[in-house]
Amino acid sequence: MTVLKLSLLAFSFVFWAAGLTMLIIGFWAKVFLGTYLVLSASDYPSAPAILLATGAAIIIWGFLGCFGAATEHRGLLRAYSAFLTAVLAAGLTAGLSALLYRQNIAQGFQEGLRQALLTYGEDEGMADALDALQRALSCCGVESYRDWLASPWGLEQNGSVPLSCCRARQGCQHSLPNAHGLHRDGCFSKVSAFVSSNMFYVATAALGLALLQLIGIVLACLLAARIPAHLLGIATPR
């Protein structure tokens, strides 16, 4: 009983720390990546929102798991085991979905970039997001800077590109700058490369965290199963 209790307490602390990490990453993604996520046309749930909700739930249940192990509360331990099972299923689903639908995520972002380019100057929120992305990734347009030449905004500006496409501010306000002052690569290729290179690690982390829950499920179930006999042995010693 002592070994099981200490093991579950240690696991719950690690689980709680993982939840706190997810919550911090969720806040960071919400603040620093929220602008870029506006550009995606995908119907998938927002990643920062998922991290925030999951992190908050894990923190709460991690504390309840520690409390249930410390007080040997059988009902709470069973509920904790059920929650870990739900986290296991959610982690497996998230990890497999990230691997199977990474192309759909990239295509949704491509469609969002095209829409932002077509409505540039009309939707200020999308325009600001696109400018921020072009500055951050040193890119221009969806496939290349030439996308701007055929865009409604580019035609109105006589073949100009936004300042966010330029390495320097000079020469970009009224006409297409020379090749040396312009980011020629499109943004989608860089976003796609980033997603492809990092999605595997994200999926692996999600699957690893999910499989880790098996340890917590086994510990919680074993401790919950032993509590009645353990308490009975104390109450009626032989």
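Trainee: Leaving aside neighbours within four places in sequence, which residues is leucine 113 in contact with?

Mentor: Leucine 113 is in contact with Leu39, Leu130, Leu133, Val142, Cys187 and Phe188, where contact means heavy atoms within 4.5 Å. Bear in mind that this is a predicted model: local features need pLDDT of at least 70, side-chain atom pairs count only at pLDDT 80 or more, and totals for chains, interfaces and linings use all residues. Residues are numbered from 1 along each chain as its sequence is written, and side-chain values use heavy atoms, with hydrogens and water left out.

Trainee: And how many residues has the largest nonpolar core?

Mentor: The largest nonpolar core has 26 residues, and Leu113 is listed with Leu39, Leu130, Leu133 and Trp148 as having the most contacts inside it. Such a core is a set of buried Ala, Val, Leu, Ile, Met, Phe, Trp, Tyr and Cys residues joined through side-chain atoms within 4.5 Å. Buried means under 20% relative accessible area, exposed over 50%, partly exposed in between (1.4 Å probe, protein chains only).

Trainee: What about serine 138: where is it?

Mentor: Serine 138 sits in the loop between H6 and helix H7 (146–149); helices are DSSP runs of H or I, at least four residues, numbered from the N terminus. Its phi is near 55°, a positive value in a residue other than glycine. Most residues other than glycine have a negative phi.

Trainee: What is its relative accessibility?

Mentor: Serine 138 is at 33%, so it counts as partly exposed.

Terms used: Helices (H or I, at least four residues) and strands (E, at least two) are DSSP runs, numbered from the N terminus.
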